[in-house]
Amino acid sequence: MPPTTIADVPTTLGPAHITAEHLSRVVARALGCSSVDLRSVQVDVVDYPIGSIATGALLRCRGTAADELGVVRDWSVFVKQLQSARVWPLLHVIPDHLRQRWIDEFPWRIEIEAQLSAPLARVLPAGMRKPELYELVEIDADHAALWLEDVDVTDEPWTIDRFARAARLLGTIAGRRPLGSDSALGDPVHASTPNASMQEYVSGRLLHGLLPLLSRDDCWSHPALVAELSVAGEASMRSGLLDAADRLDGWLALMETLPQTLVHGDASPQNLLVPRSDPETFVVIDWGFNSPHCVGFDVGQLLIGLVHPGLMPASDLAAVADAILPAYTDGLLSTGFEATPAQVRAGFVSSLLVRSLFSALPLEELGAPDSPGLRSRLRQRLGLTRYLLDLVPTLDRLPQTRPSTVSPESRKRA
């Protein structure tokens, strides 16, 4: 993309626009200067999943500026434009009778609250921090933009040690955020109701989006899926997923019997940025699922986050899980929080299955033609789905954690 002239900045930034004068103040904060003279500006669009409801755009705004001493310096700022559900392009997929409630209650400003929350900053242990916030711009009633530190992320791959270190810190955060913590985000009732965010996820995306796809023959007859299932020897995968769907109510009930904490909500490695200049530190972004959940909740997304985009093979999952579960438990218990390793494992498995089992296979993509890219994604996700399905019977073997099954009729009534 060619450089953007200073006069073009508002147009290039779209709804996240600010004036050139305002941008100069943001850049000065980013460079730690009292003032700057902007010399060049370039705006790059960063790809993100279209299903991310609260994200309207991700942009990287960068260029050069002369500081107060006249020294020309490079600068870069990350811009996240947030939006309400009212302007989400896929709002039409929400059933008509649920749409207005979805608009009214969807917590699109949670990330803003997380950035501004001093109590949340205080519970972060050494080795974890939030990105620097240079500016919050309120665009209109449905849009706002966070102008943030553009973290220069290391390109070194995640090792077992890094996974374990992240898990220990996530456990420490969970232990420091019990029910009633002043670090809670969002609506106070929602933020004090165990499993509330997960229940909304189930009643929304699962029941009205993903689970109906399990019953659609056209998905399972797609040439790419038929071929990859055959190669993997997974002829029974569909029936395994349907059987698992009948256990959802039991898993949700189990989660509510376990010790509860406030959670990050989406603690995948992609949201735990590792700065190149300080690779022992994590910069934490994208907080969500802002109600209490069972201990072990955040370990699940830490485990599978790199598998979804194909950045880690599913064959590594067992080794990573063996490292992060005890590390998370150590961090949790180091705060004095009362929970047993069996409870942590039950929370990890049950929440991971509810959150991720039915989205592991990209069934929503099976309306597209067969292609090498689709087959590659299916191959990777089949390994993830098999790993998750193999976790299902382990819940029955954990002491005092047997979730009840529910009949297909009960699931249909839900």
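User: Which residues form one aromatic cluster?

Analyst: Rings of Phe, Tyr and Trp (its six-membered ring) pair if their centres lie within 6.5 Å; planes under 30 degrees apart count as stacked, over 60 as edge-to-face and the rest as tilted. In this predicted model, Trp-158, Phe-163 and Phe-282 make up one such cluster. The count of aromatic pairs comes to 5.

User: Are Phe-289 and Phe-297 buried or exposed?

Analyst: Buried means under 20% relative accessible area, exposed over 50%, and partly exposed in between (1.4 Å probe, protein chains only). Both Phe-289 and Phe-297 are buried.

User: Which charged residue lies over the face of Phe-289?

Analyst: A charge sits over a ring if NZ of Lys or CZ of Arg is within 6 Å of the ring centre and within 35 degrees of the ring normal. Arg-355 takes this position over Phe-289, at 4.0 Å from the ring centre. Arg-109 lies over the face of Trp-108, at 5.3 Å from the ring centre.

User: How many residues of H12 are buried?

Analyst: Helices (H or I, at least four residues) and strands (E, at least two) are DSSP runs, numbered from the N terminus. In H12, 8 of the 8 residues are buried, so this helix is largely enclosed by the rest of the structure. Among them are Phe-297, Asp-298 and Leu-303.

User: What surrounds Asp-298?

Analyst: Contact means heavy atoms within 4.5 Å. Asp-298 belongs to helix H12 (residues 297-304) and counts as buried because its relative accessibility is 4%. Setting aside residues up to four places away in sequence, Asp-298 touches Leu-170, Val-263, His-264, Gly-265, Asp-266 and Ala-267.

A polar contact is a pair of N or O atoms within 3.5 Å; within protein, one must be able to donate a hydrogen and the other to accept it, and residues adjacent in sequence count only if both atoms are side-chain atoms. The side chain of Asp-298 reaches the backbone nitrogen of His-264 at 2.9 Å.

User: Which members of the largest nonpolar core touch the most other members?

Analyst: In soluble globular proteins, nonpolar side chains tend to be buried together. A nonpolar core is a set of buried Ala, Val, Leu, Ile, Met, Phe, Trp, Tyr and Cys residues joined through side-chain atoms within 4.5 Å. The largest core has 93 residues, of which Trp-251, Leu-303 and Phe-358 touch the most other members. Helix H15 (residues 372-397) gives the most to this core, with 10 residues. Apart from it lies another core of 24 residues, including Ala-16 and Leu-59. The contacts of Leu-303, not counting residues up to four places away in sequence, include Met-312, Phe-348 and Tyr-387.

User: In what sense do S3 and S6 pair?

Analyst: Strands of a sheet pair through backbone hydrogen bonds, either parallel or antiparallel. Two strands pair if DSSP finds at least two bridges between them. Strand S3 (residues 72-83) and S6 are antiparallel over 7 bridges, with Val-77 opposite Glu-149. Strand S5 (residues 133-140) is also antiparallel to S6, through 6 bridges, and Glu-135 has Trp-147 as its bridge partner. S5 and S6 form a hairpin with 2 residues between them. Strand S6 (residues 143-149) is mostly covered, with 7 of its 7 residues buried.

User: Where is Thr-335 found, and what does Thr-335 contact?

Analyst: Thr-335 is in the loop between helix H13 (317-334) and helix H14 (341-356). Its relative accessibility is 29%, so Thr-335 counts as partly exposed. Leaving aside neighbours within four places in sequence, Thr-335 is in contact with Thr-172, Gly-175 and Arg-176. A polar atom of the Thr-335 side chain lies 2.7 Å from the backbone oxygen of Leu-332. Thr-172, in helix H6 (residues 160-176), is buried, with a relative accessible area of 10%.

Terms used. Residues are numbered from 1 along each chain as its sequence is written. This is a predicted model: local features need pLDDT of at least 70, side-chain atom pairs count only at pLDDT 80 or more; totals for chains, interfaces and linings use all residues. Side-chain values use heavy atoms; hydrogens and water are left out.
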